[in-house]
Structures are given as structure tokens and as C-alpha cells.
Amino acid sequence: MTTQKTILITGASRGIGFLTAQKLVQEGHIVYAGMRDLDGRNAEAAKALKLFAEGLPGKLVPVDLDVADEKGVERTVAAIEAEQPIDVLVNNAGVMPVGLTEGFTMEQAKDLFDVNVYGVMHLTRAVLPAMRARKSGLVISLSSVAGRFGMPFFGLYCASKWAMEAYCESLHYELEPFGVESVLVEPSGHGTDLVTSAPAPGDAVRVGQYGDYSKGRDRLLGMFQGMFDQGEAITDAGNVATKILELVAMDGSRPIRTQVGQDMGVTAINEATAPIQAQLVSGLKPVYLGAAS
């Protein structure tokens, strides 16, 4: 029998977040589905989730949540905690800009980091004090295969996911004594609207200086969309939602990283670096735990 958990998920209005909220409530969990503009542009998504949850064993509550608004995040988390202790946070909200890296303006870069990096920090910092006090909790953060290597035309996106991965992995080690886990999910390309909604570079002058090479953005996006249009099971976004559900239900220690979809060499990278990372942490542990003489 599934142990009911209270789960807050960000970016639940569409794509992987929407599907994950559905799967979690189907399994009997209490799901707080975070999304921006709950009474405006995402009103239909909130309504659809509530209708979906009717008659199911779990409970689904849409909540207005902008991950870039630190104070707003703190208020929302406090309100949920007052109703029900949060067992799991799923950091899903994200943006995927695609295009020549030099062509993105600094304002665009800052906006991206506000969501993909600082948004994760806002939510994680908001839930951790109560989780540490209870000595129980799980933070699942949605990264990407782009969080493990650099890719042309995905420079900003890779940079944000690399930063997020470093933050979440460092937390993984620091939270270990408190019974709280911070883990990462690394999907490859899946059939969501990230491709069709991918922001383009805003500096037209810089982009123009690259000539025909700048069309690489459209070619890459076209390639990915073509893959998704084929409807292959490996690119089904439901696979990511299922993996998140498995991590929530898992007993014992969870892996720091879980790759989903087309591997693209990420498993080899993870397996190669894991022992090096483990050796580093093992060597530092006596120092930061105060056991060194």
C-alpha cells in the first residue's frame, strides 16, 4: 500500500509537471500543484487538474506560485506547512533557451537563472528548515542531460543546469545527517512544449554576425520536434513523471542522479565521475564533521 505523502511540485501547469501531478494524485498522494497566474492564463490548467483528481484516492490543490518570487515562495510554503507538513518538493519549473550563446542578452541570462537556478534555491531553502527539524524529507530537482555536458546552441541552458546540479549535489551531502535527501533527475529530450516555447537570442546584431550558422537553432529545434512527432515511447514525457513517482515511493537511499530517456552518454559520465566524487567527499568528511585532529 502506498504511504501517502504531501508533495509540492513547481511548474505544474504543463508538460512534465502537469503529468507528474496527475500520476502522484493517482497514487493517493496529497499534491500541491504550483503554477503562476492561477486565476489568469493557467486557470484552465488548474481546473483540468482538479477535475482529473475528482474521485481519486489522493488530493490535488493548485497553488499560485512564481518560483522567481522569493517572498511569495516563502508565503506559499508556510501556508502549506500550516495545513500539512511537506514531505517532498519537486523542483520542476524551468525554461530552455536555444540559440547562439553570444546572442543572448545579459537580461535574458538573468531571467533564465531566476527560474532555473534561483527558483530552485528559493523553493529548496523554503522547505528545508521544517524537513530538517522532522529529520525527514525529499527534494527532487529536474535537471537535464544538458546538466552533464556542453552543447552548441544550448549554452545558457547548460550553464543553468550545471549550476543547479552543483547546488543540489552539494546539498545531498550536507543534508545526509538530517535524514533529508536532495536528488536529481536528468531527462533527455521529451515531447513537451519546451521546444516550441524555447526563447531565442535577443541580440539580433550579434546573431546576424554569425550568418547562416545562426540557423543552427531552427535546425536543432526542428530535429527534436521531428523526433517527438514520431511518438516513440522513449520520448514520452510520461516516462519522466513515472520516474519521479518511483523516486517518491523508493525505500532506502536514493541515487543522486537518475537519467531518463535517450542516454546520450550521460550514464557513462555519471558512472565515471561517481567514484571520483565519492572519494573527494569521503576525504573531506572527517574535516567538515570535526573528526580530524
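This is a short tour of the structure above, one selection at a time.

The model is predicted, so local features are given only at pLDDT of at least 70 and side-chain atom pairs only at pLDDT 80 or more, while totals for chains, interfaces and linings use all residues. Residues are numbered from 1 along each chain as its sequence is written, and side-chain values use heavy atoms, with hydrogens and water left out.

**Stop 1: the nonpolar cores**

Select Met35, Leu60, Ile140, Val185 and Ile244. Of the 31 residues in the largest nonpolar core, these five touch the most other members. Such a core is a set of buried Ala, Val, Leu, Ile, Met, Phe, Trp, Tyr and Cys residues joined through side-chain atoms within 4.5 Å. Buried means under 20% relative accessible area, exposed means over 50%, and partly exposed lies in between (1.4 Å probe, protein chains only). The elements that give two or more residues to this core include β2 (30-35), β5 (137-142), β6 (180-187) and α9 (238-249). Helices (H or I, at least four residues) and strands (E, at least two) are DSSP runs, numbered from the N terminus.

Now show what surrounds Ile140. Leaving aside neighbours within four places in sequence, isoleucine 140 is in contact with Val88, Leu89, Val90, Asn91, Val183, Val185, Ile244, Leu247 and Val248. Contact means heavy atoms within 4.5 Å.

In soluble globular proteins, nonpolar side chains tend to be buried together.

**Stop 2: arginine 217**

Select Arg217, in helix α8 (residues 216-229). Is arginine 217 buried or exposed? At 16% relative accessibility, arginine 217 counts as buried. Not counting residues up to four places away in sequence, arginine 217 touches Val98, Gly99, Phe153, Ala198, Pro199, Ala200 and Pro201. A polar atom of the arginine 217 side chain lies 3.3 Å from the backbone oxygen of alanine 198.

**Stop 3: salt bridges**

The whole structure has 15 salt bridges. A salt bridge is a side-chain nitrogen of Lys or Arg within 4 Å of a carboxyl oxygen of Asp or Glu.

Select Arg148 and Glu186. Their closest N and O atoms are 3.9 Å apart. Arginine 148 is in the loop between β5 and α6 (155-175) and glutamate 186 in strand β6, 38 residues apart. Both arginine 148 and glutamate 186 are buried.

Go on to Glu176 and Lys285, whose side chains meet in a salt bridge (3.6 Å, N to O). Glutamate 176 lies in the loop between α6 and β6 and lysine 285 in helix α10, so this pair ties together parts that are 109 residues apart in sequence. Glutamate 176 counts as exposed at 51% relative accessibility, and lysine 285 as partly exposed at 29%.

Next, select Asp212 and Arg219, a salt bridge with the closest N and O atoms 3.1 Å apart.

**Stop 4: two positive phi values**

Most residues other than glycine have a negative phi, and most peptide bonds are trans. Select Asp37, in the loop between β2 and α2. Phi of aspartate 37 is positive, near 50°. Then select Lys135, in the loop between α5 (118-134) and β5. Lysine 135 has a positive phi of about 55°, and this residue is exposed, with a relative accessible area of 52%.

Note on methods:
Polar contact = N/O pair within 3.5 Å; in protein donor to acceptor, adjacent residues only side chain to side chain.
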